[in-house]
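Let us work through a protein model together. Look at it first, then follow the questions.

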Amino acid sequence: MYLEDISARTVRRLGHGILTSPGMKRERGFIQHGDVSVLEHSFMVAVLCVAIARHLPGKWDFSSLVRGALLHDYFLYDWHIKDPARPAHAIHHAAAALRNAQRDFHLNSTEENMIASHMFPLGGEWPGNKQSAVLWVADKVCAARETVVGRLPRKWQGGIHPKI
């Protein structure tokens, strides 16, 4: 899809520093949904965020949109391994992602709200800006797609993730 290619190039350009960081390299080794890594998931969420924003009116902060989307699941652990220090991953991982992102990157208030609110209403803050609202939608769409596609026979899956 042409728009997805343009959006992926935008994510690579605006998110280069994050995509090449040691933490994001670690995310390649953690599975998010189905057989999709956390890095692949975050990349596709960012691509969908850019594609959605391009179809909506108004001025957009694409840099914050991309950065917040790439870092929304920057929790840096394998959530499939049970750990009493990390109960209820769905509720608490946004806070862990925000702490890690604040430690490793300089974030603005838009990016912080995007990360903190992406699991609303399960946990975290209210999506307080339009970038956060778009991330909330894109994350749910990608998670659903990855979960369903991961359960389909491989011959039906196709390539849902472009090369990062």
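This is a predicted model: local features need pLDDT of at least 70, side-chain atom pairs count only at pLDDT 80 or more; totals for chains, interfaces and linings use all residues.

Student: Is helix α7 largely enclosed or largely open, and why?
Tutor: Helices are DSSP runs of H or I with at least four residues, strands are runs of E with at least two, and both are numbered from the N terminus. Buried means under 20% relative accessible area, exposed over 50%, and partly exposed in between, with a 1.4 Å probe and protein chains only. In α7, the buried residues include Met114, Ile115 and Ala116. Seven of the nine residues of α7 (residues 109-117) are buried, so the rest of the structure leaves this helix largely enclosed.

Student: Which residue caps the N-terminal end of α7?
Tutor: Look for a side-chain oxygen 3.0 Å from the backbone nitrogen of Thr110. The residue that supplies this oxygen is Asn108.

Student: Which residue forms a salt bridge with Glu111?
Tutor: A salt bridge puts a side-chain nitrogen of Lys or Arg within 4 Å of a carboxyl oxygen of Asp or Glu. Here the N to O distance is 2.8 Å, and the partner of Glu111 is Arg67.

Student: How many residues apart in sequence are the parts that this pair ties together?
Tutor: Both Glu111 and Arg67 are buried. Glu111 lies in α7 and Arg67 in α5 (residues 62-71), so the pair ties together parts whose separation in sequence is 44 residues.

Student: How many salt bridges does a search of the whole structure find?
Tutor: Besides Glu111 with Arg67, Arg103 pairs with Asp104 at 2.8 Å. Asp139 pairs with Lys140 at 3.0 Å. The search of the whole structure finds three.

Student: Which elements each supply at least two residues of the lining of the largest pocket?
Tutor: The lining includes Gln32, His33, His89, His93, Asp139 and Lys140. The elements are β1 (31-33), α6 (89-104) and α8 (130-149).

How values were computed: Residues are numbered from 1 along each chain as its sequence is written. Side-chain values use heavy atoms; hydrogens and water are left out. A polar contact is a pair of N or O atoms within 3.5 Å; within protein, one must be able to donate a hydrogen and the other to accept it, and residues adjacent in sequence count only if both atoms are side-chain atoms. On a 1 Å grid over the protein atoms alone, a cavity is a set of points where a 1.4 Å probe fits but cannot get out, and a pocket is an open set with protein on both sides within 12 Å along at least five of seven lines; lining residues have an atom within 4 Å of a point.
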